[in-house]
Amino acid sequence: MGVVGFCNCPTFCLTKSNSNLQIVGYTPRPSFSFEGNQRKIVAMASTIPVEQVNKGPQQLTCDFFIREHLRKLAPYQPILPFEVLSSRLGRKPEDIVKLDANENPYGPPPEVLEALGSIRFPYVYPDPESRRLRAALAQDSGLESDYILAGCGADELIDLIMRCVLDPGDKIVDCPPTFTMYEFDAAVNGAHVIKVPRKADFSLNVEHITEVVKQEKPKCIFLTSPNNPDGSIIDDEVLLKILDLPILVVLDEAYVEFSGIESRMTWVKKYENLIVLRTFSKRAGLAGLRVGYGAFPLSIIEYLWRAKQPYNVSVAAEISACAALQNPTYLENVKEALVKERERLYNLLNELPFLRPFPSHSNFILCEVASGMDAKKLKEDLAQMGVMIRHYNNKELSGYVRVSVGKPEQTDALMKCLRKFL
């Protein structure tokens, strides 16, 4: 005779012999078991309607395997590429004034296209250590290559830092409004984001940051100088106060070339809790090739080397970045042209009664849209005219638009469209 007993088993019904099979399933349900010498039969209560049972077992779908915290993750909202914009607006790409993604409208130095056209071994994997590029960056920055790590854009390095530093449930400090990739990557890595909003002038609230670090004990803070989207900078005094806190400081200098201040890359030799990120997207017009790099203390960079993907910087990307660095005169002239046009654009935008532009140290200008005019509709109306600017859906910036600095003729086209709203 068998033995009748109660047990908790998953809501699957199965027959099991005396082998050591493990039962894996969903929520435990009360059940009966009948046990004899050779076979154990487990019969379970089920919450599945009879009609579903009659139709057969439910099909397993692949989303069953997704990590729980990613189920609620909102996707990152990128800028639409030229091809998609062209199709949606019914305009040729060259007829679109694209001022929504802070791209460099002048593009890379001519040496880049020449180098891309003469790639000899595209079928061979790239150097996993990007040695040639790191040597060129060492010469460009004055920081030894041992402190430098290259990536597929600075975005890859942001994610790599989080994967190396954060355990699920750890905390980071974010200072909105700022670059939204910090919050996004933290969510991907299962971290909690503590937001310390900026002041009305977009400066950092150092007192609140200090309090949060003391109470919440976050692992790292992400700062941007110049900040995206307003173009404000962090001076040495403020940065030193934050570096004095027991927290890893990641300083994103994607737009530092336009700021008139020196990069803090060499500071990583002195401050063990500082990481500085840079990119070729803005300075060298290589946004489409994805090349970024970072300066790290030696005590942490060895772990990032272990964790990074081995071939993360492509042959084309490394060749292009090295070629761009060979023409510093071109890079400097383009920077000066954009800074000059930034001042002209600011003055023109300031003449419009429905916009309040903020002074910027970058290659974009943030504008508050006056009450009575909808910022999102302004962006959409300009798009119909073939002019693209950036609008944000988050609450901090719902009444703002951001305009990238372009060539003089792009500024003229923008202003022509904006004056139609007067």
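# Helix packing in a protein chain

Biologist: At roughly what angle do the axes of helix α11 and helix α13 cross?
Modeller: This is a predicted model, so here is what its coordinates give. Helix α11 covers residues 328-350 and helix α13 covers residues 408-418. Their axes come within 11 Å and cross at roughly 10 degrees.

Biologist: Are α11 and α13 roughly parallel or roughly perpendicular to each other?
Modeller: Look at the crossing angle, which is roughly 10 degrees. Angles under 35 degrees count as roughly parallel. The relation of α11 and α13 is therefore roughly parallel.

Biologist: Which residues in α13 meet α11?
Modeller: Start on the α11 side, where E341, R344, L345, L348 and L349 take part. By class, the contact of α11 with α13 divides into seven nonpolar, one polar and three charged residues. On the α13 side, the residues are P408, T411, D412, L414, M415 and L418.

Biologist: Is Q410 buried or exposed?
Modeller: Q410 has its place in helix α13. Its relative accessible area is 17%, and buried means under 20%. Q410 is therefore buried.

Biologist: Which residues does Q410 touch, not counting residues up to four places away in sequence?
Modeller: Remember that Q410 sits in helix α13. Leaving out residues up to four places away in sequence, Q410 touches V97, K98, L99 and P105.

Biologist: How do α5 and α9 lie relative to each other, roughly parallel or roughly perpendicular?
Modeller: Helix α5 (residues 153-165) packs with helix α9 (residues 298-307) at an angle of about 105 degrees, and their axes are 10 Å apart. Angles from 65 to 115 degrees count as roughly perpendicular. The two helices, α5 and α9, are therefore roughly perpendicular.

Biologist: How many nonpolar residues does the contact of α5 with α9 have?
Modeller: From α5 come L160, I161, R163, C164 and V165, while α9 brings I300, Y303, L304 and A307. Sorted by class, this contact has one charged residue and no polar ones. The number of nonpolar residues is eight.

Biologist: How many of the eleven residues of helix α10 are buried?
Modeller: Helix α10 spans residues 315-325 and is largely enclosed by the rest of the structure. Among its buried residues are A317, E318 and I319. What covers the buried residues of α10 includes α3, α4 and α11. Of the eleven residues of α10, the number buried is nine.

Biologist: How far apart in space are K199 and C175, C-alpha to C-alpha?
Modeller: K199 lies in the loop between β8 and α7, and at 40% relative accessibility K199 counts as partly exposed. In sequence, K199 and C175 are 24 residues apart. In space, C-alpha to C-alpha, their separation is 9.7 Å.

Note on methods: Residues are numbered from 1 along each chain as its sequence is written. This is a predicted model: local features need pLDDT of at least 70, side-chain atom pairs count only at pLDDT 80 or more; totals for chains, interfaces and linings use all residues. Side-chain values use heavy atoms; hydrogens and water are left out. Axes are lines fitted to C-alpha atoms, for helices over the stretch in contact, and angles run from 0 to 180 degrees between N-to-C directions. Helices (H or I, at least four residues) and strands (E, at least two) are DSSP runs, numbered from the N terminus. Angles under 35 degrees count as roughly parallel, over 145 as roughly antiparallel, 65 to 115 as roughly perpendicular and the rest as oblique. Contact means heavy atoms within 4.5 Å. Ala, Val, Leu, Ile, Met, Phe, Trp, Tyr, Cys and Pro count as nonpolar, Asp, Glu, Lys and Arg as charged, and the others, Gly among them, as polar. Buried means under 20% relative accessible area, exposed over 50%, partly exposed in between (1.4 Å probe, protein chains only).
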